[in-house]
Amino acid sequence: MLQWEISEGEVDYDTALEKMDNHVQKMISGETDEKIWLLEHPSLYTAGTSANKKDLVEPDRFPVIKTKRGGQYTYHGPGQRVVYVMLDLNKRGKDIKKFIEKLEAWIILSLAEFNLVGQRRSGRVGIWIERLDKPKNADGLLGEEKIAAIGVRVRKWITFHGLSINVDPDLSHFQGIVPCGIKEHGVTSLVDLGLPVSMTDVDIALKKSFSKVF
């Protein structure tokens, strides 16, 4: 039985990691069920296992926390929906690449609830939005901005960490890092795209779309 938990207010990052770790350990020992945890963090930068120190532009802007999830630097903060995904790939297929593809599909379907077209990009983990409302780049192509990030870890085929979707964070906070090591593309959010969407709206879309993918 899949559990859903939604935390009100901001959850301290270290506290969240400890809680998530404990849940994963209980899943491994067969004491508890799979879980999706929806929350927000106070402003901070996290460094994944592939993080390059050169991409930390402003190291003193917010706390910087090293994590064991995959990926590079990312920002978490108020207005961003963080989704911790604790699923059992022993039952769902032992294929991490396929699992990440399903996370991407889940985000794309959730964004479609707001008539947004989220897109994958080869070599870039996460989901991107083409900015039809902005001038084309010098090369004649549409600008692309990232709306969702993915970073996962797996222990004994139990997944944890997960994804984040920018609902209405302060986008200037992303300037303290090179998000996911990608300099040539910006960052956007649902509200930045002109959608007056609340965190509750996003949660409903995530719940609705989950069963279509998983």
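1. Basis. The model is predicted, with local features needing pLDDT of at least 70 and side-chain atom pairs counting only at pLDDT 80 or more, while totals for chains, interfaces and linings use all residues. Residues are numbered from 1 along each chain as its sequence is written, and side-chain values use heavy atoms, with hydrogens and water left out.

2. Largest pocket. The largest pocket has a volume of about 360 Å³. A pocket is an open set of points on a 1 Å grid over the protein atoms alone, with protein on both sides within 12 Å along at least five of seven lines; lining residues have an atom within 4 Å of a point. Of its 26 lining residues, Arg-69, Gly-70, Gly-71, Ile-150 and Gly-151 are the closest to the centre. Strands (DSSP runs of E, at least two residues, numbered from the N terminus) contribute as follows: E5 (73-76), E6 (80-86), E8 (124-130), E9 (144-155) and E10 (158-166) each supply at least two lining residues, and E9 gives the most, with five.

3. Second largest pocket. This pocket has a volume of about 180 Å³. Its lining includes Leu-116, Val-117, Arg-131, Asp-133 and Leu-193.

4. Largest cavity. A cavity is a set of grid points where a 1.4 Å probe fits but cannot get out; the structure holds three of 30 Å³ or more. The largest has a volume of about 70 Å³. Thr-74, Lys-146, Ala-149, Asn-166 and Phe-174 are the closest to its centre among 13 lining residues. E5, E9 and E10 each supply at least two residues of this lining, and E9 gives the most, with four.

5. Helix pair. The axes (lines fitted to C-alpha atoms over the stretch in contact, with angles from 0 to 180 degrees between N-to-C directions) of helix H3 (residues 96-112) and helix H4 (residues 199-213) come within 8 Å and cross at roughly 135°. H3 and H4 (helices being DSSP runs of H or I, at least four residues) are therefore oblique to each other, a class left after under 35 degrees (roughly parallel), over 145 (roughly antiparallel) and 65 to 115 (roughly perpendicular). Contact (heavy atoms within 4.5 Å) involves, among others, Trp-106 and Leu-109 of H3 and Leu-206 and Phe-210 of H4.

6. Second largest cavity. H3 and H4 also each supply at least two residues of the lining of this cavity, whose volume is about 40 Å³. Ser-110, Leu-111, Phe-114, Ile-165, Leu-190, Val-202 and Ala-205 line it.

Conventions. Points joined across faces, edges and corners; volume = space filled by probe spheres on them.
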